[in-house]
Each structure stands twice: as C-alpha cells, then as structure tokens.
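User: I'd like to learn how to read salt bridges and pockets in a protein model. Can you walk me through it?

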Amino acid sequence: MSGTFIGMPAFPVAAREALDNAQQRRNLQHATQTIRDKRAAVVDEVDRWEELRVAGAAIKDHVLTHLDGYLVQLEESLTRAGATVHWARDAEEANRIVTALARETGTDEVVKVKSMTTQEIGLNEALEDAGIHAWETDLAELIVQLGRDRPSHILVPAIHRNRAEIREIFLREMGKVGTPAPEGLTSAPHELAESARRHLREKFLRAKVAISGANFAVAETGTLVVVESEGNGRMCLTLPETLISVVGIEKVLPTVADLDVFLKLLPRSSTGERMNPYTSTWTGVTPGDGPQQVHVVLLDNGRSDALADHVGRQALRCIRCSACLNVCPVYERVGGHAYGSVYPGPIGAVLNPQLRGTESPVDKSLPYASSLCGACFDVCPVRIEIPDLLVHLRTRVVDEKRGGLPSGEQLAMKGASWMFAEHTRWERAQRGAELGGRVLGKKDSIGRLPGPLSAWSDARDAPIPPGESFRTWWKRERGQG
Amino acid sequence: MIGSRQEMLGRITAALDGAERAPAPGRRHGAVTSSPDVAALFVERVEDYRAVVERVAPAGVAAAVADALAGTGQVVVPPGLPRDWLAADGVDVVTDDGGLAADDLDRIDAVVTAAAVGVATTGTIVLDHGPDQGRRALSLVPDLHVCVVHESQLVGDVPESITRLRDAVVGGRPLTWISGPSATSDIELERVEGVHGPRRLHVLLVSDGDSTPRARA
C-alpha cells in the first residue's frame, strides 16, 4: 500500500474494495461502537452540553470572520514570546520552510508528534527527500509508518489493524530503523506498547529537533496547545533543542479564557474521556525549560478558499475530534482509506473538496460519500452542519459539470421526471417493471447494468422490482370502487 | 517570506469581503460547579484513571511521600519543593539544578512535585511549572510521579481552572495537564498504561487542616 494519497481512486471504487475486507469491517465495527458508547456516557454527565456546543461554534465563527486581525495578533504575541513565525501559502512552501529549518540544525532526523496538518502537506516525504528521517512517535502513527500504510481514522489511525498484524509489523520493521522488538514478543497490547516505548525512547533522548502540530493557538498570548494521551507529545515538545510547529490558520482562538470551552468539548467528543491524559501548553520560549529555538509555521493550503465560501466556511470550525467518523454508517463499513485523504469520514467528505477543490475524481465523489442521515451533525461539538455542506458541495460538483453534453445520469433523471409528471405514465412504467421482476426471477438485486447505466448500478444494490406492484394489487383486491 | 505573509493576509481579507463578521460571544467564564464535596469527587475521578490517590493530613505528607517512594532508587525533585516533604530516611534525592540531561533523567526512577490546580470533575492535576513543580522534563521522564495537591488548590471544573491559571499563561509559563498515568488505546482500543510518560501516578491530596493555605498567587 502506498504512503501517499495522491492518485487515489474515487470513493465508490475504493469503498467497494474496502467492503470486501471482512477483517477491517469487524475491527471498525468494534471500534466505532466502543467509542460511541464511551462518548455518549461522558457527554450525558455534562449539564447543558448543548450550550457548550453553541459556545464552541460561536467562538470559532467569531475568530474565523476576524481571522486577518487575529492572525496578526498571534504573530505579534508569538514573536514577543521568543518564537519565530513563518507564513506558508501552500504545502510546498511549508515543506520548504520546515526542511530548511531542520537542515540548519545539522540534524538528519526529527521526532514528530501526531499531526494531521503535517500529513496533509506530505511533510515526512519532503523531509525524506532531503535526507532527513522523520520518526512518528504516537503509537498508532508508528504502526502506520512501520507498516508503510496510511492512517484510517483521525484519532486511532491504526484502527484497521489488529494485534496480530501489529506484532508482525514490529518484529519485521523495528530493527531496521532502531531498537528492535524483543524476541518472544507476543501480541498482548501491553507488550506491544512496551516494545514501542523502548524503540522510541532512544529516539526521544537523542533528538535535537521535534515537529508538532497544535490543537489550538491563542492569539492573545501566542500560546500553543497540544492534547494527547501517551506522553510522546510531551517528549517532543520538551526534550529537543528546536521545536517546529505547523499550524493551520483555522486553529486560532482569541483568548486564554476560550480554552475553557474547548478543553471540555474536545476530550469528551474524541476519546470519550472526561479529560485526556496529557495537555501541554507553551508560549514561545521558556528560559531553562524545553526547546530554546521555537518556530511556528502558519499554513493556508486551501483554507482561505474554504473561508471564502459563506456556507463552506463552517467546516473550518472543526477541532479534529473524530466524533462524526464514529457515528457514520458509511465510515463504519468502508473505513478511512476510501476517502482518499488524511481527513476521512463525514468531515473529510466536506473538508477535502474545499481545501483541494473539486477537480479530481476523488474530490468530486466525496460529497456523495454519505447517506445524509444527520448523525454527524448531532455529535459535532462545534455544530458543523455536515449534511447541509454535503448537499452544498454536490451542487458545486454538478454546477461545474454543466455546460458540456448531458451525462447519462442527467438524461436518466430527465426521463424519470417526465415519467413521474403523469400518473398514467408511472403506471405503465410499473407494469413494465413487474414484467422485468418476473423475468429476473429469484435474484434479489439487480446486478451490473449495461452502458452508461453501469456507473449508477456499480455503486448501488438496487432491489428487483416486485412481481406485482401495490397499485396492481389494490385494483385486483378492491376493484375500481 | 514577507510576500507570503502579505499574500495570505490579502487572501483572507478578500475571502471575508462582504461577509457578516460574527460578534464576540458573551462569556460565562469560571462558572462555579455545584458539587457538595469537591475533594471526594476529585479522589473518585483520579482513581478512575487507575492512578493511586490518598488523602493525608498536613503533618502526614512526609510519611506519605516516603511510602509512595518505597522500593524506588533515585528521586529527582524541583529546587522549590518544600524540604520537609522529603524528611524520610533512605531516599536518594537529587535536586534539579537545570543541568540534568534527558539521559540522566532516564536513569532516575521517580519525581516528587507540587501542583498548581486540581480539577475535580475531570480528575486532572495541572502543573504551571513554578519552583515547586520544576521544568517539564522532570515530571515526564521518570517512571513514577508523586504529586502533592492541597485541597485549597481544587476547583470543580475546567472553566474555574482556566480562571485560576490565566495569569500563569499570560506570564509566559507553560502548563501541563495530567489526568492519570500515560495511556494508549491504539491497539484494538484496549487501554494500556505507560507508553511514554510516567507509568505510575501517585496523588497525595492534603487536607487544609489549620495550616496556612498553600494556594499560590
């Protein structure tokens, strides 16, 4: 499996493959069900949860619609606190900045705390090209990296792997890049975690440079916040001499006081805990404590395009909790890889086409990767109206297609609209379908249709028409009276 | 670089051209959580993370610290830690002078620190890394973290803790929020304690008694 998302097939193709993977479906079903239940329990403990969601959305809406001002304030605060601020318009520019900063230190390796932003820009690959090894230190990210795999969930990126697979990966790969897994390693999770601890500790203790993302960046003070569980984040943020943080411009919060809302919303929504084991905040350079060279790279990479869309803008409220993945019936069955991006699930289906545009087949297909059931909105801690956004983006995809020759689907829809306009036409069509149903006999779904209809039938299991329609039955039983 | 900055800010301003600028939301910071017994709730919630938590009287802190450290080798402490907490014999104590490298810390078994705030609802202790808590690496690398929290430092919930910690953040100090020992659920969602941070967290909650409250400004 390739480490890159570029050139991924469109969602229906990738989903078909994923649906055939029974092991993955079992793993996902167990994982999403477990996290769903945990989340529901700790959310129920909070009085006025809805009020918190509204507050979270309101703070984000305020900051996003004043982003120009808050970014300048954040830059001033960071600079005053001893950090160096860099601005990156796109992935290429961000990678160039980070690579140059790492090179200046003379190191040929960096340790990384899980960061979706650096995955989004393909930073590890850029560093490798420059001869710098980037070590992922979150346990799940380590599993993904050693397995030359791609993450499949925002919170638990290796959720598609079970313990036996993880043991095999550790035994095969750890020794190639550092401390090997111990002989006689079993697949017990505590042994696997211990093996990761030993493997990574050597890297933490010698690392000169660390790279992080940030969950929040406070404009008032220049304070960055990282929320985590294992302590690998603390290792990266504390031990090396140089810290480089890549921060999407949508991560800004106005004041320290705003953290009260988000530190309640995020842990309960993501891991289903009252609080995650570790949260670190730091403000530029702290003399005598932690990295003395601190860099912050502010990343656009399509975010200002999303900001320009008055409906789509709300997707930038996202705090990457992954609650929407765990309730999504589509995600639960196909997994994260099918979305062709570092941002999977319902939020990925709205975020990716906005950040990357809707030119590629995968981004065109993502707004359709949903049943529009609405569960994602119900759990979203910042009330992103994901179903509305999906419909909005479907309109955008269709609008971009207009102007050329009508597609097979458009012709079929025109035909359907003609048929439904008059009840005699509908009844005639139903009689035709009854005939078809009888011809198809005992099969319970229509298989692949020929020609242009194949695109439709390939992504759906359509039931066989009944041998007798309701209207026919009614006439037969009750006559014309 | 200046070009990128100007271009990004220009794009953002253009994106917001004509947009309705959302007002700053009304705030309700520091709402006091109505809990009949904040200390009892704190103990229950810290235990929920499989940390060890004990309630001790002010006079019993030294003995409780010694008990918590039983069986460990070297112990590191921050320079401002009250010396009377380490009165017990037989404990090999190193005071951090800032000169210990990560490798040195890796060879030390335990650390004793104070805390800045305890949050009852979430079972969290917060360090603001003042002189009695030390730099961040101290409470990270050793395998056992013994943390002494006073009842006067407890608050009901997260919003009140932010109110108390704001001055530290504005003053440029880092914060570390700790809820139980290091943990992961990355393998089949089975919780395992002790991946990279301390494997064991031992919290001593000191009753206020009639001694001077230790809440720091």
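User: Which residue meets A:Arg89 in a salt bridge?

Analyst: The general idea comes first: side chains of opposite charge can pair when their charged atoms come close. In this predicted model, the partner of A:Arg89 is A:Glu93, with 2.9 Å from N to O. A:Arg89 counts as partly exposed because its relative accessibility is 25%, while A:Glu93, at 6%, counts as buried. Both belong to a network of salt bridges that also links A:Asp300, B:Glu7 and B:Arg11.

User: What does B:Asp143 form a salt bridge with?

Analyst: That would be A:Arg197, with the closest N and O atoms 2.8 Å apart. This pair crosses between chains: B:Asp143 sits in the loop between strands S6 and S7 of chain B, and A:Arg197 is in helix H10 of chain A. B:Asp143 is partly exposed at 28%, whereas A:Arg197 is buried at 5%.

User: And how many salt bridges does the structure hold over all chains?

Analyst: There are 48 of them.

User: Okay, now pockets. How many residues line the largest pocket?

Analyst: Again, the idea first: rolling a probe the size of a water molecule over the atoms shows where empty space is left. Here the largest pocket holds about 2,000 Å³ of space. Its lining has 48 residues, and those nearest the centre are A:Glu409, A:Ala455, A:Trp456, A:Ala459 and A:Arg460. H20(A) gives the largest share of that lining, nine residues.

User: How do the lining residues divide into nonpolar, polar and charged?

Analyst: Look at the counts: 31 nonpolar, seven polar and ten charged.

Conventions. Residues numbered from 1 in each chain as written. Chains lettered and ligands numbered in written order. Predicted model: local features only at pLDDT ≥ 70, side-chain atom pairs only at ≥ 80, totals over all residues. Heavy atoms only, no water. 1 Å grid on protein atoms, 1.4 Å probe; cavity = no way out; pocket = protein on both sides within 12 Å on 5 of 7 lines; lining within 4 Å. Points joined across faces, edges and corners; volume = space filled by probe spheres on them. Helix = DSSP H or I, 4+ residues; strand = E, 2+ residues; numbered from the N terminus. Nonpolar A, V, L, I, M, F, W, Y, C, P; charged D, E, K, R; others polar. Salt bridge = Lys/Arg side-chain N within 4 Å of Asp/Glu carboxyl O. Buried < 20%, exposed > 50% of the residue type's maximum accessible area, 1.4 Å probe, protein only.
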